[in-house]
Amino acid sequence: MVALVRTVAYLGLEARSVEVQCSIAPGLPQFNIVGLANKAVGESKERVRAALSAMGLALPPKRITINLSPADLPKEGSHYDLPVALALLAAMGVTDAEQLGDFVAVGELALDGRVVPSPGVLLAALHASSEEAGLICPAAQGSEARWASDIPVVAAPDLVALLNHLKGTSRLPDPPPGEVEAPAPGPDLKQVKGQEVAKRALEIAAAGGHNLLMVGPPGAGKSLLASCLPGVLPPLTSPEALEVSMVQSVAGLLEGGRISRTRPFRAPHHSASMAALTGGGLKVKPGEVSLAHLGVLFLDELPEFQRAVLDSLRQPLETGHVDVARANAHVTFPARVQLVAAMNPCRCGHLGDPALACSRAPRCAADYQTRVSGPLLDRIDLHVEVDPVSAADLALPPPAEGSAEVAARVARARSVQSGRSVESGARTNAELEGEALERFATPDEPGRRLLMQAAEAMRLSARGYTRMLRVARTIADLAGVEGVGRIHVAEALSYRRQAPRA
């Protein structure tokens with residue numbers, strides 16, 4: 001007899017159907033798992049053996065073969081433990097094989113028979129919904145599975161409870177629906193004294209989803225300004241929150257099934273590797289650029305990152321996704337991020353202060369800043385100088401305008417952009433391109449002349465020219481103006497500098 005149980009394999013944010021086939025045949029006692037399984041999947045036979053032993057069941061002294069079909073699809077992860085155990089129990093006649101055909105099963109087994117969490121349950125639930133099937137998952141992740149469509153979810157704490165539920169002797173309770181996390185309090189723009197130009201640039205970046213680079217000496221407030229950005233960004237919509245949660249589910253970061261409407265804010269250390277930033281590793285996982293999807297990726301001390309690591313961000317910043325190519329798999333993760341970066345003007349950080357600057361100024365500034373390649377700088381829409389804050393500025397009372405007032409203006413500008421999204425297909429102005437860009441961001445004649453003159457003088461690339469149009473469109477949206485005028489183009493150009501040659 002061959003017993004079949006359905007499960008999934010994860011390739012990026014895609015869950016593919018996998019059929020676990022179990023055959024118990026006469027022969028020398030053996031327990032084999034075939035079907036292009038990696039080491040974690042191959043070790044599941046020992047976990048399954050121990051879990052069945054904890055229930056008082058012994059494997060039959062026969063040849064047991066588990067096939068994971070399709071056999072040419074790579075299988076990774078510990079979530080195959082539960083479907084392997086269920087297929088084996090069905091082949092042994094302990095449970096009804098036909099009843100298991102109505103479910104997709106995922107979950108890792110502990111040696112004592114408990115069903116413990118494994119990454120990707122939300123993706124498995126969405127896949128089960130598309131297949132019009134139920135889902136069997138760990139009890140700790142039942143709330144996470146409930147975010148999928150209204151499908152039967154069996155959240156099992158252990159194998160014994162699951163078998164009793166399937167037999168009808170003791171019903172498992174329905175898992176509670178997942179909760180929406182309340183936004184965590186963060187820094188407020190009222191904490192930032194002075195820096196009016198930088199705060200204006202931050203507002204424009206938030207309103208249009210533009211990339212931002214802040215250059216200034218240590219202690220000027222660059223990191224504080226960046227940490228204030230989540231407080232002025234609009235919350236995620238329901239579809240966006242689901243997108244973000246899918247990435248977190250694959251990465252194993254969705255705790256307790258709680259989904260947040262707050263946009264992600266990721267700030268990796270400058271020692272991060274390329275795999276940590278863009279994704280990859282032995283078992284391919286999303287990197288920081290994907291964990292920041294639809295949110296903010298903050299890179300402090302930008303030139304201290306390895307140049308190859310920074311240049312690996314070029315493609316995600318342009319396309320909104322990252323492709324991780326491996327010999328046995330090609331995985332795509334979403335990466336529509338807003339890049340916010342901060343850097344000192346030179347290694348000592350005090351280029352503009354003759355009393356503190358090193359003896360190599362200004363040569364040290366050129367050497368330091370050229371660690372960041374020109375093509376990457378060309379993808380950053382707003383470049384702003386952050387001046388040092390004097391003691392007199394720090395002694396002043398807090399500014400009257402904080403994050404709440406800026407967030408209200410940003411929300412109005414984003415609502416205008418969402419009204420255009422049906423025609424443009426772009427969530428924000430930073431995504432405008434092609435015909436939609438020509439239609440919504442073309443300036444009036446005085447603005448066009450100014451832009452042409454500046455493009456010639458600043459030697460803007462085609463990408464730089466396009467990004468200036470997008471920024472000008474955002475400035476006009478903040479002003480509540482339908483058309484893009486000369487004043488909007490002028491302000492957009494004031495935040496642009498010519499990128500150094502790579």
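The charged end of R420 sits over the ring of F440, at 5.5 Å from its centre, where a charge counts as sitting over a ring if NZ of Lys or CZ of Arg is within 6 Å of the ring centre and within 35 degrees of the ring normal. The model is predicted, so that local features need pLDDT of at least 70 and side-chain atom pairs count only at pLDDT 80 or more, whereas totals for chains, interfaces and linings use all residues. Residues are numbered from 1 along each chain as its sequence is written, and side-chain values use heavy atoms, with hydrogens and water left out.

A search of the whole structure finds 1 aromatic pair, with rings of Phe, Tyr and Trp (its six-membered ring) pairing if their centres lie within 6.5 Å, and planes under 30 degrees apart counting as stacked, over 60 as edge-to-face and the rest as tilted. This pair is formed by F265 and F298, which are stacked at 6.1 Å centre to centre with 25° between the planes. It links distant parts of the chain, since F265 lies in strand β13 (residues 265-266) and F298 in strand β14 (residues 296-299), 33 residues apart; strands (E, at least two residues) are DSSP runs, numbered from the N terminus.

F265 is partly exposed because its relative accessibility is 31%, whereas F298, at 6%, is buried (buried means under 20% relative accessible area, exposed over 50%, partly exposed in between, with a 1.4 Å probe and protein chains only).

Strands β13 and β14 run parallel and are joined by 2 bridges (pairing requires at least two DSSP bridges), and the bridge partner of F265 in β14 is V296. β14 also pairs with strand β17 (residues 338-343) in the parallel sense over 4 bridges, where F298 has V340 as its bridge partner.
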